[in-house]
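User: I'm new to this one. Can you walk me through how the helices pack and what the pocket looks like?

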Amino acid sequence: MVEAAATARGIRTSAQKAGLVCELIRGKGVNQALATLRYNRKLIARDIEKVLRSAIANAQQKEGFSGDVDRLFVST
């Protein structure tokens, strides 16, 4: 099982606002999570979408990745 992570620094928002948006996508597949973030009205959703796209790219670069992005999901 391949695990990838990405972090964002310097984002000027409260942890509570970011946590509310992260709670919406936790446990979902990446395609569903990206769709949720795209149509969310909170401004922090754009930054979280960038981080999620970065994590997907990091997973694709790891050894042992099967090549199927549809099987990836958001864990935390």
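Analyst: One term before we start. A crossing is left-handed if the near helix is turned anticlockwise from the far one by less than a right angle, and right-handed if clockwise. Helices here are DSSP runs (H or I, at least four residues), numbered from the N terminus. This is a predicted model: local features need pLDDT of at least 70, side-chain atom pairs count only at pLDDT 80 or more, and totals for chains, interfaces and linings use all residues. Residues are numbered from 1 along each chain as its sequence is written, and side-chain values use heavy atoms, with hydrogens and water left out.

User: Which way does α2 cross α3, left-handed or right-handed?

Analyst: The crossing of α2 and α3 is left-handed.

User: And at what angle do the axes of α2 and α3 cross?

Analyst: Roughly 160°, and the two axes come within 9 Å. Axes are lines fitted to C-alpha atoms, for helices over the stretch in contact, and angles run from 0 to 180 degrees between N-to-C directions. α2 and α3 are therefore roughly antiparallel to each other. The cut-offs are under 35 degrees for roughly parallel, over 145 for roughly antiparallel, 65 to 115 for roughly perpendicular, and oblique for the rest.

User: Which residues of α2 and α3 meet?

Analyst: From α2, V30, A33, L34, L37 and R38; from α3, A45, I48, E49, L52, R53 and I56. Contact means heavy atoms within 4.5 Å. By class, that contact has eight nonpolar, no polar and three charged residues. Ala, Val, Leu, Ile, Met, Phe, Trp, Tyr, Cys and Pro count as nonpolar, Asp, Glu, Lys and Arg as charged, and the others, Gly among them, as polar.

User: Switch to α1. How does α1 cross α2?

Analyst: Helix α1 covers residues 15-25 and helix α2 residues 30-38; their axes cross at roughly 140° and come within 9 Å. That makes α1 oblique to α2. Their crossing is right-handed. V21, L24 and I25 of α1 touch A33, T36 and L37 of α2. The contact has five nonpolar, one polar and no charged residues.

User: What about α1 and α3?

Analyst: Those axes come within 10 Å and cross at roughly 55°. α1 and α3 are therefore oblique to each other. This crossing is right-handed. K17, A18, V21, C22 and I25 in α1 meet I44, A45 and I48 in α3.

User: Now the pocket. What volume does the largest one have?

Analyst: About 920 Å³. On a 1 Å grid over the protein atoms alone, a pocket is an open set of points where a 1.4 Å probe fits, with protein on both sides within 12 Å along at least five of seven lines; lining residues have an atom within 4 Å of a point. Grid points are joined across faces, edges and corners, and the volume is the space filled by probe spheres set on the points.

User: Which helix gives the most to the lining of the largest pocket?

Analyst: α3, with eight residues. Of the 35 lining residues, A4, A55, F73, V74 and S75 are the closest to the centre of the largest pocket. The lining has 23 nonpolar, seven polar and five charged residues.

Note on methods: Helix = DSSP H or I, 4+ residues; strand = E, 2+ residues; numbered from the N terminus.
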